Amino acid sequence: MTKHSRITSHGIRLAVLALAVAATGSAIAVSAVATSTGVVVAPIAIAKTAEMSFGSFAVGTTAGSVTLSPNGTRGVSGGVTGMTGATTAAQFNVTGQSGNTYSISVSGTQLSSGTDTMAYAPVSDLTASAITSGTVSSGTLAGGAQSIFVGGVLTVAANQPAGTYTGSVTATVEYN
């Protein structure tokens, strides 16, 4: 073998090695792989399980109010007299991923009978408590479920016309 062929042979080997190193980035490159995961949780859901009823009441010449606590207890004030009959708070059951927190928004419409109306303000709690004001704004899904109890305050005008008044109450929930 001549000196020129040895140089050429070594040059070719070095060139091939240089190309291999350039293609892999390094002659001593190593790598590791990590697993990536993602968990889709159960969607939050809400269902009405009880309707709200303020019951029957009479009105005089003085304005007043009817207050229904989240436990279904009714109180009257001013020129309103409570009559016999059942009263119930609305109940909504929330389900979703256990242990997660969520926001709550409770709203309602005025109650109306034809063109006659009574203003409504919601009162809500996560327990069937006897509170008479305020609304709950968040909850935690212990065991994947929780209930929201909703009452409210009706503003009754003096000489409010007789009738069956209806409205609606809405509870909206969303994961935090």
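Residues are numbered from 1 along each chain as its sequence is written, and side-chain values use heavy atoms, with hydrogens and water left out. Because the model is predicted, local features need pLDDT of at least 70 and side-chain atom pairs count only at pLDDT 80 or more, while totals for chains, interfaces and linings use all residues.

**View 1. The aromatic pair of Phe54 and Tyr120.** Rings of Phe, Tyr and Trp (its six-membered ring) pair if their centres lie within 6.5 Å; planes under 30 degrees apart are stacked, over 60 edge-to-face, and the rest tilted. One aromatic pair is counted by this rule. Its ring centres, in Phe54 and Tyr120, are 6.2 Å apart with planes at 80°, so the pair is edge-to-face. Phe54 sits in the loop between β1 (45–50) and β2 (57–68), and Tyr120 in strand β7 (residues 116–125), so the contact ties together parts 66 residues apart in sequence. Strands are DSSP runs (E, at least two residues), numbered from the N terminus.

**View 2. Burial of Phe54 and Tyr120.** Buried means under 20% relative accessible area, exposed over 50%, and partly exposed in between (1.4 Å probe, protein chains only). Phe54 is buried at 7%, and Tyr120 is buried at 12%.

**View 3. Strand β2 with its partners β3 and β9.** Two strands pair if DSSP finds at least two bridges between them. Eight antiparallel bridges link β2 with strand β3 (residues 74–82), where Ser65 faces Ser77 of β3. Five residues separate β2 and β3 in their hairpin, and Gly72 in the turn has a positive phi of about 90°. Strand β9 (residues 145–156) also runs antiparallel to β2, joined by five bridges; here Gly64 has Val156 as its bridge partner.

Technical notes. Helix = DSSP H or I, 4+ residues; strand = E, 2+ residues; numbered from the N terminus.
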